[in-house]
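Subject: Structure handover

Hello,

Here is the structure, with its sequence. My notes on what was found follow below.

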Amino acid sequence: MRHIISILIENEAGALSRVAGLFSARGYNIESLTVAPTEDSSLSRMTLVTRGNDDIIEQITKQLNKLVDVVKLIDLAESAHIERELMMVKVKTSEATRAEIKRIADIFRGRIIDVTPMTFVIEMTGTSDKLDAFVKAIDETTIIEVVRSGATGICRGEKGLHL
Amino acid sequence: MGFIDHLIVNAEGNSVELNGAQILVQSLKDEGVEYIFGYPGGAVLHIYDAIFQQDDVKHILVRHEQGATHAADAYARATGKTGVVLVTSGPGATNAVTGIATAYMDSIPMVVISGQVPSPVIGSDAFQEVDMVGISRPCVKHNFLVKDVTKLAETIKKAFYVASTGRPGPVVVDVPKDITDPNIKVPYKYPRKVTMRSYNPAVEGHKGQIKKAVELLLSAQRPMIYSGGGVILGEASRELIELTRTLGYPITNTLMGLGAYPATDKQFIGMLGMHGTYEANMGMHESDVILAVGARFDDRVTGKLAEFCPYAKIIHIDVDPASISKTVKVDIPIVGQVKPVLTQMIEQIKESKKQPSKKALAAWWEQIDKWRSVQCLEYDRESPLIKPQYVIEQLYEVTKGDAYITSDVGQHQMYAAQYYHFDKPRRWINSGGLGTMGFGLPAAIGVKLAFPEADVACVTGEASIQMCIQELSTALQYKTPVKIINLNNRYMGMVRQWQEFSYESRYSHSYMDTLPDFVKLAEAYGHVGMLVENKADLRSALEEAFAMKDRTVFMDIITDRTENVYPMIESGKGHHDMKLRIAPGTPTDRELA
C-alpha cells in the first residue's frame, strides 16, 4: 500500500543522505521525496512516498525514528489528510490543437503559465492520481517535458506534525 | 598534571581560551577517558601535539587503525565504558571502518575521532581526503562533521552521549585540520549535560505491557528465556539471574549474551542458534512462551524464520523499538532498558498470586533433560590428536574459568563459546554480528589495559590471527601480557567445514600452505613462542604460559585439522533440524590424506 510519511528532521548537512541511505541500505523503495525548511529554519520537513505491506511500513517508520537527526514523523495514511503535488508540463502546440489542450487543462484546473508559438507550459496541482490522469488525457506525442515535485501532504483538522 | 589544567581557569576564575586541539584533548579528559587508541597522521598532527603536552589521557599507539578500533571496542565491552579511537584522514579513516562496523553490529559504545583535511579544501580531492561522514554513515549510530571550533566541546559531549545511551553504538566525529589550529583559541567549557530534541532513548517499559507479559509468563507450560547481548550492555545480569531463578525456567543465551547468566548453573541449557546445543534449540522449538531479553532474533539464532518457534507466544524486551518485530513477529513487545524492565517484572511476579504450574514445569524439565542426555557437545576424547574442544576445556581449567576470553572468527570462536563456561558478564569478547577476523588480538590488548591483573586469552586460529598480527608489536610496547591460543588446523576451519558439508569437500582456497613459523614470529616481536604438537604436552604448556605473568605468549597448538563444529543448523533449516556429531571413529575424525 502507498504511504506518505512526513518527517521533521534537523536542518543539517547530510540529513537528507541519512534518510536516502537508510532506504537504499535496507532495500525500501522511495517513490518520491520532497524537502524544504519549515517556518523554524533549524528544521526541515521531508515528505516521502513509499510502498510496502504493514510490516515494511512499520520497519520504515521505526528505522527513520531511530536516525538521530529525525525529530518526529507521522504516517499521513493513518488519518484524514490532504495531499498535493505540483506538476509543470510542456507540450507542443499548433493552431489546431491549442484550444483542445486549453480545454483539457481547464477541466483539470490547470493554468497555462508560458506560451510560445509552438509550446504551452501548463501548471497543475492536485493529488498524484489527478496529475497522472491529466498526463493520460492529453496526446502523448505532444508532451515535451513533465516536471513533478513529488507529493506533499498535511493532516486535516487538529492533528498534525509539529514540535 | 599537564599544561591544560592550569590554563583552564585563571586566578580570577574566568575560563581561559584553548585551541581546538587542546579542547579536544581536554574534552576527553573531562569525559573521564582513560585511553585513546590511535595512529597519527597529517590531519591530526595538531591533536597529537596537544596529546604530547599532557599525560592525563593515555594514548596507545597501534600498528594499524583497524587494531585501534578493535582494542577500543574490546575495552568498552570489558568495562562498559565508551572506547575512544583517534585516526587521521583518508586511509586512517578507511582503515578504521571495519572496526567501526564491528562495534556497530554488536552495539558497542565507541567514539571515533577522525582527522579531516582543512575545511577550505574539503571536496577538492585533497591529499588523504575521504568523505568519512559519508563512508561511515551506514555503520555508525551517528556521526558529526565539526565546522566550528566553538562547537567542538559540545559535539564531543554529544558524541559520548549518543554512543553510550539507548542502544549503544559507535559515533564518528570528523574534525577538519583547521578546527584544531593551534593559533585559534576560543573559550573552553565542557558541558555537563546535553539534550537533543531529536534523541530521547526509552528508559522504562510500558506498565500495561509488563503486566501482560508477566501473566503470560506465569501461565506458560513450556517456557524458555532467551537472552542476548542487551543484558550485558544494559548491566542487567543480576536482574536476569533473579528473574530466572524466581521462575525456575530454563534459560539459553545467544553468542553475544554468554556470561549474562552463569553457564555452570543448572537452569542454563547452553547457547542457542546455528551452533547452539541440542537442548537449547529443541527447547526453543517446542516452547509455548518465550521471553526474549535484549536479543534481536538474528538469523544465526533463528535459522529458517518460517519454522522458528512455531508453538510459542513471544515477549520481547528491547531498548531499540526497531529491533521489535523486525524479523520475528512478537506478541508482547516491551520497549525499554532491560534493567528497569526486568526489575519491574520481578516485582510484578512477586506481587502476583499466580504461580507457574509446578506439574507442567517438572514435565518440561524432564523433556529438557532427555534432550540434554544426547550430550551434543561430546567429542572424541580418545583421539591421539589435539582436539580443539580439548584445548578450550584445558584452558578453562587452567584459568579456573575466570579469564577474559577474546576471539577471532570461525571454528575456534564457536569452540570457545561452547566449551568455556562463562559465569560472568563481559568476560566473553567476540565479534558476533559482523564476524570480523582479526578482532581477537587487538581486543585482548584493549581488555588487558583495562584489567592488568586479570588473565586475558585470545582464542584464535592460524588464519584469523594473521589479519591483525602486527598488534603483537603494540602488546610489547604497552606491556600487555596476553596469551594467544592459536588453534592451528592449517585450514580456515569454518570455511572448510561449509565446503565439506555443502560443496562436496571441494576445499577452494580454504588452505594456506605457507604458514609462518609462529614461534619465531612471536620471538621476532619480542614475545614468547610455544609450539604444542602433542596432546600430552598441552596442559603443562598452558600452565607454563599462564605462569609467565609478564610475558605475552603465543601458543601455536597443532589441532586435528578435520574437526567440525557440532551441533550445526545448516543455513535455511529450522531449530529442530540439527546436524549432530557423527560417532567417534568415523572417517571425519581421520586426518585427510
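A salt bridge here is a side-chain nitrogen of Lys or Arg within 4 Å of a carboxyl oxygen of Asp or Glu. By that rule, the side chains of R2(A) and E83(A) form one, with 2.8 Å from N to O.

This is a predicted model, in which local features need pLDDT of at least 70 and side-chain atom pairs count only at pLDDT 80 or more, while totals for chains, interfaces and linings use all residues. Residues are numbered from 1 along each chain as its sequence is written, chains are lettered from A in the order in which they are written, and side-chain values use heavy atoms, with hydrogens and water left out.

Domains in chain A: an automatic or database domain assignment sets the bounds, giving domain 1 (2-78) and domain 2 (82-152). Their C-alpha centres lie 29 Å apart. Seven residues of domain 1 of chain A are in contact (heavy atoms within 4.5 Å) with six of domain 2 of chain A. The area buried between these two domains (accessible area, 1.4 Å probe, lost on being put together, summed over both) is about 450 Å², and carbon and sulfur atoms give 52% of that. The rule finds one salt bridge across this interface.

Lining of the second largest pocket: by class, there are 18 nonpolar, nine polar and eleven charged residues, where Ala, Val, Leu, Ile, Met, Phe, Trp, Tyr, Cys and Pro count as nonpolar, Asp, Glu, Lys and Arg as charged, and the others, Gly among them, as polar. A pocket is an open set of points on a 1 Å grid over the protein atoms alone, where a 1.4 Å probe fits, with protein on both sides within 12 Å along at least five of seven lines; lining residues have an atom within 4 Å of a point.

Regards
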